[in-house]
Amino acid sequence: FCNGGNAQRDEWFKAQTLVRLPSSVRNLSVVDGRLYCYSGGLLLSATMTAGTISSLAADAEYYQYDSDIDYVTKNPHTGHVFFTTVGSKGKHKLYEVIPREGRSPKIRRVRIDGVSSVDHPTFSRDGKVMLFSSPEGDYGGFDIYYSRMMDDESWTDALTMGASVNSSGNEMSPSVCGDYMFYSSLDTSYSHARRLCASLIYGSSASVESPSIGVGNNPTFDLPLPFNSEADDIEIAFDTVAGRIFIASERDGEPQIYVYDGSMPVVVVSGRVTDITDAEASNVDVSLFDNGSLLCRTKTNSEGRYLMVAPQNRSLTLWMSKPGNFGSSKEISTAPRDAYHAIPELVFDARLDRLEMGKAFYIYDVFGGDASIDISQQGRQSLQRMIRFLSENPQIKASIGVTSSMSNDQYFNDLVTSQRVKNLQQYLGEQLPNSKVEVYVEGNSYTGNAQGAFSSRLKVQLD
């Protein structure tokens with residue numbers, strides 16, 4: 001969604017550090033604050049010192065359950081540990097460790113009907129949805145599926161996450177953090193390297209406890225630099241307590257674990273766009289600008305929703321437009337608002353007003369206060385919506401009538417209004433061909449929005 005190979009984008013991450021650790025690994029997970037991985041036929045647990053991995057050693061705690069264990073995770077609802085074992089043909093079996101007071105825990109085989117292998121399971125925030133990958137891909141290769149917990153703590157048949165996540169290649173290694181499911185994808189029609197992706201599964205409300213998944217319309221995006229590289233980026237895991245991200249990647253020629261302290265230096269900018277009737281507005285162009293330079297661009301989906309990735313702590317312009325509608329412009333700040341999230345989300349909804357040729361609409365108080373003849377900063381922002389609309393619709397012309405509120409001095413009021421017309425014509429002429437816009441004196445008796453003498457109104461008519 002963001003411009004690729006952009007030096008400005010690279011600068012966003014310049015101050016961030018990835019700690020390189022020499023170990024070939026896969027199957028990353030974090031359980032009770034400890035990192036686990038699978039390497040050389042062994043499940044390994046990491047010892048952290050000052051934010052780096054100081055050692056990786058065979059894990060004695062979980063090998064008591066099965067010598068073929070290759071992955072471990074924990075359900076936040078039941079508190080039970082789940083692990084997988086890998087067989088000689090690469091198929092994975094899933095087990096649940098059920099504690100029993102005064103006795104050894106019970107190891108129960110967990111079966112998910114519809115698939116023969118359950119790889120890299122993870123759980124939703126409430127623990128009642130399991131997400132996993134399996135080679136029985138409806139779309140080809142490995143796909144990501146989900147299953148819901150039933151009242152007896154068994155699991156429903158496997159259901160696919162749909163085409164918004166799965167491709168004809170391999171989608172694997174899901175993990176959940178915040179509102180997102182993270183996973184790796186090797187879609188050969190898109191890239192010849194595995195890349196890390198995220199899919200929004202909780203919508204924009206943190207109060208939602210049951211994720212909205214499997215509908216085939218989950219907004220999905222690639223993770224930005226430095227979490228993706230030009231090589232294979234294999235897996236990602238999160239320690240939300242310590243605020244730490246782990247990545248398995250082959251960016252240095254062989255699989256390594258990289259440790260990144262802090263949340264990603266980006267935010268997700270998302271929201272819903274409606275029309276004048278409050279119905280969802282689909283296929284709307286949504287763009288983010290940084291001092292006039294395009295950063296990101298996307299379109300709203302069938303539900304009028306959009307999603308983009310942007311750098312943190314910037315003042316940006318959010319612009320939305322659709323043919324036949326008056327664009328919406330908003331100045332936004334991308335400073336995160338909440339506590340730790342892997343990717344903080346900022347929500348900005350908007351409404352597009354439909355335009356009718358030949359029917360006038362009004363823009364108020366474009367000029368400064370008192371008898372100012374200069375266009376104010378707020379006025380420039382209001383005019384930019386119209387300027388962009390006219391630029392995107394070259395066949396449309398605009399006539400603009402300027403009216404100032406009546407003062408006690410008719411002669412002086414006429415001078416102010418005439419000079420405002422001249423300045424407005426000059427401002428618009430610097431950004432649009434003169435043939436696109438005609439500016440004229442509409443009158444000097446406007447009082448409808450007067451906040452004192454000389455408040456103004458522009459009457460805009462499109463033809």
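## The largest pocket

The lining of the largest pocket divides into 13 nonpolar, 9 polar and 4 charged residues. Here Ala, Val, Leu, Ile, Met, Phe, Trp, Tyr, Cys and Pro count as nonpolar, Asp, Glu, Lys and Arg as charged, and the others, Gly among them, as polar. This is a predicted model, in which local features need pLDDT of at least 70, side-chain atom pairs count only at pLDDT 80 or more, and totals for chains, interfaces and linings use all residues. Residues are numbered from 1 along each chain as its sequence is written, and side-chain values use heavy atoms, without hydrogens and water.

The largest pocket has a volume of about 650 Å³. Of its 26 lining residues, Val 30, Lys 74, Val 176, Phe 238 and Thr 240 are the closest to its centre. A pocket is an open set of points on a 1 Å grid over the protein atoms alone, where a 1.4 Å probe fits, with protein on both sides within 12 Å along at least five of seven lines; lining residues have an atom within 4 Å of a point. The volume is the space filled by probe spheres set on the points, which are joined across faces, edges and corners.

Strands β2 (26-31), β6 (69-74), β10 (119-123), β14 (170-177) and β18 (233-239) each supply at least two lining residues. Strands (E, at least two residues) and helices (H or I, at least four) are DSSP runs, numbered from the N terminus.

## A strand residue with positive phi

His 120 sits in strand β10. Its phi is near 50 degrees, a positive value in a residue other than glycine. Most residues other than glycine have a negative phi. His 120 counts as buried because its relative accessibility is 5%. Buried means under 20% relative accessible area, exposed over 50%, partly exposed in between (1.4 Å probe, protein chains only).

## Val 269 and its contacts

Val 269 lies in strand β21 (residues 266-274). At 0% relative accessibility, Val 269 is buried. Among the residues it touches are Leu 288, Tyr 306, Ile 332 and Phe 348. Contact means heavy atoms within 4.5 Å. Val 269 and Phe 348 are 79 residues apart in sequence, yet 7.2 Å apart in space, C-alpha to C-alpha.

## Helix α4

Helix α4 (residues 410-429) has 20 residues. Its buried residues include Val 416, Arg 420, Leu 424 and Tyr 427. The buried residues of α4 pack against α3 (377-392), β32 (398-404), β33 (437-443) and β34 (456-462).

Notes. Expected span 1.5 Å × (residues − 1). Lists of a residue's contacts leave out its neighbours within four places in sequence.
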